[in-house]
Amino acid sequence: MWFMSHRHFFYTLFLSALLCSLLFSPLYAENHSEKVFSITSGRGTPFVTDQHDGFFDRITQQMFQRIGLKASVSLLPSQRSLLNANNGIDDGNMARIKGIEKKYTNLVMVPETVINFDFVAYSKDQQIKISTWKDLAPYNIAFIRGWKLFEKNAIDYKSLVRASDSSQLFNLLKNNRIDVALYDAWWFENKAKNIYSVKPPLARFELYFYLNKKHQALVPKLTKALQAMKNDGSYQKIYEQTLKTPINESVDLNSGK
């Protein structure tokens with residue numbers, strides 16, 4: 001009796017462990033229609049908004065919807081958004097340059113471009129000339145901590161400040177704490193009087209959507225979904241409804257425009 005009761009106990013324990021492993025496996029999660037995939041981004045308005053109607057919000061929602069799943073994008077500081085996705089705290093990160101998975105090895109890329117991004121120098125000096133990364137050498141510059149493109153390429157400068165967000169970045173420029181702010185071409189939310197984009201852009205890169213590798217089975221499906229969105233015009237519609245022409249002229253901090 002002692003032997004039988006213990007055998008029954010271990011058999012029950014084995015079945016319980018097997019059931020738990022099935023319920024909480026990545027495969028189960030990926031096929032569970034009620035799961036909302038947590039996607040992060042380090043880029044706010046007009047890409048991620050509180051109303052979840054920004055460009056990244058809507059592109060992500062529709063990509064997942066087309067494969068029968070749900071997803072929501074949340075805004076985090078750029079470096080943390082990347083680390084959270086890599087560490088599996090969140091399910092993915094939107095949007096990063098190709099090759100970032102070489103360092104963040106828990107990420108897998110969805111190999112279809114989400115957007116082409118222009119990266120721009122901003123200054124209060126209309127006469128400033130910057131056409132290559134080396135042209136930054138005489139200037140006090142700043143960019144947002146965690147923006148890997150700038151960390152890799154902006155290595156020649158007089159001084160460097162790493163800002164926590166776009167508000168701090170452009171306030172540094174507004175208050176003459178720096179000469180040049182490095183950001184993307186879609187800057188609208190923290191506009192400052194007499195700040196100009198320097199032409200031409202310093203770089204243009206294709207940006208991609210990354211998933212934590214526990215969801216790598218979704219990569220082919222999401223790739224096809226994004227390609228289909230481009231082919232049927234829904235991608236272009238979202239682009240036109242959420243993004244404006246990149247800034248070319250000076251803007252007024254107090255204008256509210």
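## Helix packing and sheet order in a predicted model

The crossing of helix α3 with helix α7 is right-handed. The model described here is predicted. Helix α7 covers residues 219-231, and its axis comes within 9 Å of the axis of α3, with a crossing angle of roughly 115°. On the α3 side of this contact stand I59, Q62, M63 and F64, which meet L222, A225, L226 and M229 in α7. Sorted by class, the contact of α3 with α7 has seven nonpolar residues, one polar residue and no charged residues.

**Contacts with α8**

Helix α3 (residues 55-65) also packs against helix α8 (residues 234-242), at an angle of about 160° and with the axes 9 Å apart. Angles over 145 degrees count as roughly antiparallel, and α3 and α8 are therefore roughly antiparallel to each other. The crossing of α3 and α8 is right-handed. In this contact F55, R58, I59 and Q62 of α3 meet S234, Y235, I238, Y239, Q241 and T242 of α8. By class, the contact of α3 with α8 has five nonpolar, four polar and one charged residues.

Helices α7 and α8 pack on each other as well, with an angle of about 75° and axes 4 Å apart. That angle makes α7 roughly perpendicular to α8. Here L226, M229 and K230 in α7 meet S234, Y235 and I238 in α8. The classes in the contact of α7 with α8 are four nonpolar, one polar and one charged.

| α3 and α7 | roughly 115° | within 9 Å | seven nonpolar, one polar, no charged |

Eight strands form an open sheet with mixed pairing, in the order β2-β1-β3-β8-β4-β7-β5-β6. Strands β2 (70-75) and β6 (159-163) stand at the edges with a single partner strand each, so one side of each has no neighbour in the sheet. From one strand to the next the twist averages 30°.

Within the sheet, β3 (residues 92-97) and β8 (residues 196-212) pair in the antiparallel sense over five bridges. M94 stands opposite F209 in β8. Helix α6 (residues 166-174) packs on the sheet, where α6 touches β4 (107-123), β5 (140-144), β6 and β7 (180-184). The direction of α6 makes about 150° with that of β7.

**Aromatic pairs**

The structure holds 20 aromatic pairs. One of them joins F37 and F64 in a tilted arrangement, 5.2 Å centre to centre and with 35° between the planes. F37 lies in strand β1 (residues 36-41) and F64 in helix α3, so the pair ties together parts that are 27 residues apart in sequence.

**Backbone exceptions**

Most residues other than glycine have a negative phi, and most peptide bonds are trans. The peptide bond from T45 to P46 is cis, with omega near 10°. P46 is found in the loop between β1 and α3. H52 has its place in the loop between β1 and α3. The phi of H52, a residue other than glycine, is positive, near 60°.

Another cis peptide bond runs from M94 to A95, with omega near 0°. A95 lies in strand β3, the strand that pairs with β8 over five bridges.

Key: Residues are numbered from 1 along each chain as its sequence is written. This is a predicted model: local features need pLDDT of at least 70, side-chain atom pairs count only at pLDDT 80 or more; totals for chains, interfaces and linings use all residues. Side-chain values use heavy atoms; hydrogens and water are left out. Two strands pair if DSSP finds at least two bridges between them. Helices (H or I, at least four residues) and strands (E, at least two) are DSSP runs, numbered from the N terminus. Axes are lines fitted to C-alpha atoms, for helices over the stretch in contact, and angles run from 0 to 180 degrees between N-to-C directions. Contact means heavy atoms within 4.5 Å. Angles under 35 degrees count as roughly parallel, over 145 as roughly antiparallel, 65 to 115 as roughly perpendicular and the rest as oblique. A crossing is left-handed if the near helix is turned anticlockwise from the far one by less than a right angle, and right-handed if clockwise. Ala, Val, Leu, Ile, Met, Phe, Trp, Tyr, Cys and Pro count as nonpolar, Asp, Glu, Lys and Arg as charged, and the others, Gly among them, as polar. Rings of Phe, Tyr and Trp (its six-membered ring) pair if their centres lie within 6.5 Å; planes under 30 degrees apart count as stacked, over 60 as edge-to-face and the rest as tilted.
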